[in-house]
Amino acid sequence: MTGSLHKWLPILALCIGCNSAPESQIPTTVLQGATLFDGNGERIEKGIVVIQEGRIVEMGDSETNIPKGADVIDLSGKFITPGLVDAHVHFGQTGFFDGRPDALDLRDTLPYETVQKYLSANPDRYYEAYLRSGVTAVYDVGGYEWSLELPASAEENLNAPHVAAAGPLLTPVPQENLQIINTAEGKQLIQLTSPELGRERVKKHSQMGATGIKIWMIALNDSVFMNSLRAVQEEVGLQNNKLIVHATSLDQAKEALRLGAKVLVHSVDDKPLDDEFIELAKKAGVIYCPTLVVLRGYNNAAKALQNNFTVNDPNGAVDAQTKDMINSGHLFFKYYPNPETYEADVARESDYFAGMEAIMAANLKQVYEAGIPIALSTDAGNPGTLHGISIYDELEAMQEAGIPPSDIISMATRNGALAMERGDDFGTLEVGKMADLIVLEKDPSANAAHFRSITHVMRGGLLRPVNEAFKEN
Ligand SMILES: [Zn+2]
């Protein structure tokens with residue numbers, strides 16, 4: 001897990017009194033002097049965090065005991081929060097249209113099967129982008145079966161965020177319409193055609209380690225689907241799993257809550273929430289995952305076709321392939337179906353999405369004021385919503401929606417861990433929890449945009465600067 005001192009070399013410049021621990025002792029790292037935000041709403045000035053074997057063993061104010069022989073890293077004037085948690089990502093999507101041929105079909109150049117083969121063979125492709133964006137845990141809420149193998153393989157890998165995954169999604173959409181985003185080898189989207197199929201899938205995904213069973217839209221008037229969904233709900237209970245539902249209309253979202261959904265992905269974007277929704281949400285004990293920026297992401301990806309999408313990535317966290325793809329977006333303009341209306345389309349779509357975002361923002365404020373738990377989530381992997389760095393746009397959008405930045409901290413850390421069912425392990429800074437945290441130059445409780453001032457990320461006790469590529473550890 002952790003161990004030799006060479007791991008701390010990148011941050012030796014920040015060290016004061018870097019004493020080597022005596023051989024008989026457990027190597028100990030102490031972060032001293034920063035303002036700590038624990039993820040539960042507490043703020044500690046001039047804090048001390050003592051870390052051994054990848055976990056927090058002591059924490060508190062300046063009176064906290066610093067063990068003899070510890071490596072003490074002076075972070076005076078800086079700020080520490082738990083590592084960020086993105087509660088909605090897809091490792092089966094690339095951040096561009098090659099992963100979503102249903103949105104723009106690039107398959108003549110980039111065959112979907114090839115893209116998926118590459119992603120399944122290289123599931124670590126986005127790990128570093130996440131960690132160097134400060135994201136130490138992610139929830140993949142829908143993908144191919146291989147996504148269900150990631151939680152185990154990422155867990156002990158300090159170059160990876162922690163992963164929870166839901167696996168293939170169940171949907172009312174007819175199978176023939178899903179073909180374009182499924183492969184010959186496997187389905188990430190499965191039409192729910194019978195109660196038997198639903199039960200079978202819930203059992204299978206649960207046995208494979210799925211955290212949550214994801215429903216992709218609710219067809220309220222499709223009686224076969226609705227009957228099947230009720231069987232799914234029942235089996236989810238039997239398997240001690242939980243329902244995650246993509247339901248963006250108020251009617252669908254309410255039905256999801258009546259079915260006891262524990263995670264509502266995306267915002268309600270068609271109309272303002274009403275009292276019934278709030279009541280149902282409280283009763284269900286749901287976590288609301290707003291994904292405010294994914295729509296504008298699609299618009300940005302469309303802009304990339306004329307190289308008009310500038311990736312804001314001062315630390316160079318985005319992986320090289322993604323960067324190349326976005327920067328060579330013009331090569332794919334030929335696939336745009338109506339080139340002559342492109343500019344008007346992009347402008348119209350931008351206005352349309354802005355209108356939806358306004359409803360989503362107002363609804364988020366209402367959810368916040370009602371005290372319903374909210375977890376930061378980006379839907380990264382969708383075109384224009386890049387793995388890792390999109391977290392900053394989402395944080396800012398939450399603030400623009402009217403949530404005070406001091407309250408956003410828990411939504412960006414603890415609540416995501418709770419959605420992943422990992423609240424006992426990470427998401428807050430507490431004695432006994434994993435040492436997953438980030439170091440910022442600026443106070444995130446003053447402005448959510450200050451998360452962009454990240455300098456270091458610690459995963460499992462390993463502290464590294466975010467502005468340079470990871471070395472072997
Ligand atoms: Zn999604």
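This is a predicted model: local features need pLDDT of at least 70, side-chain atom pairs count only at pLDDT 80 or more; totals for chains, interfaces and linings use all residues.
Guide: Residues are numbered from 1 along each chain as its sequence is written, and side-chain values use heavy atoms, with hydrogens and water left out.

Visitor: What makes up domain 1 and domain 2?
Guide: Domain 1 covers 5–82 + 428–465 and domain 2 covers 84–296 + 344–419; such bounds come from an automatic or database domain assignment. Their centres, taken over C-alpha atoms, lie 32 Å apart.

Visitor: How many residues does each domain bring to the contact?
Guide: Domain 1 brings 26 residues and domain 2 brings 25, where contact means heavy atoms within 4.5 Å.

Visitor: What is the area buried between domain 1 and domain 2?
Guide: About 2100 Å², with 59% from carbon and sulfur atoms. Buried area is the accessible area (1.4 Å probe) that two parts lose on being put together, summed over both. In domain 1, F451, R452 and R459 lose the most area to domain 2, together 33% of what that side buries.

Visitor: Why is the meeting of E396 and R452 called a salt bridge?
Guide: The term requires a side-chain nitrogen of Lys or Arg within 4 Å of a carboxyl oxygen of Asp or Glu. The N to O distance for E396 and R452 is 2.7 Å, so the pair qualifies under that limit. Between domain 1 and domain 2 the count is two salt bridges.
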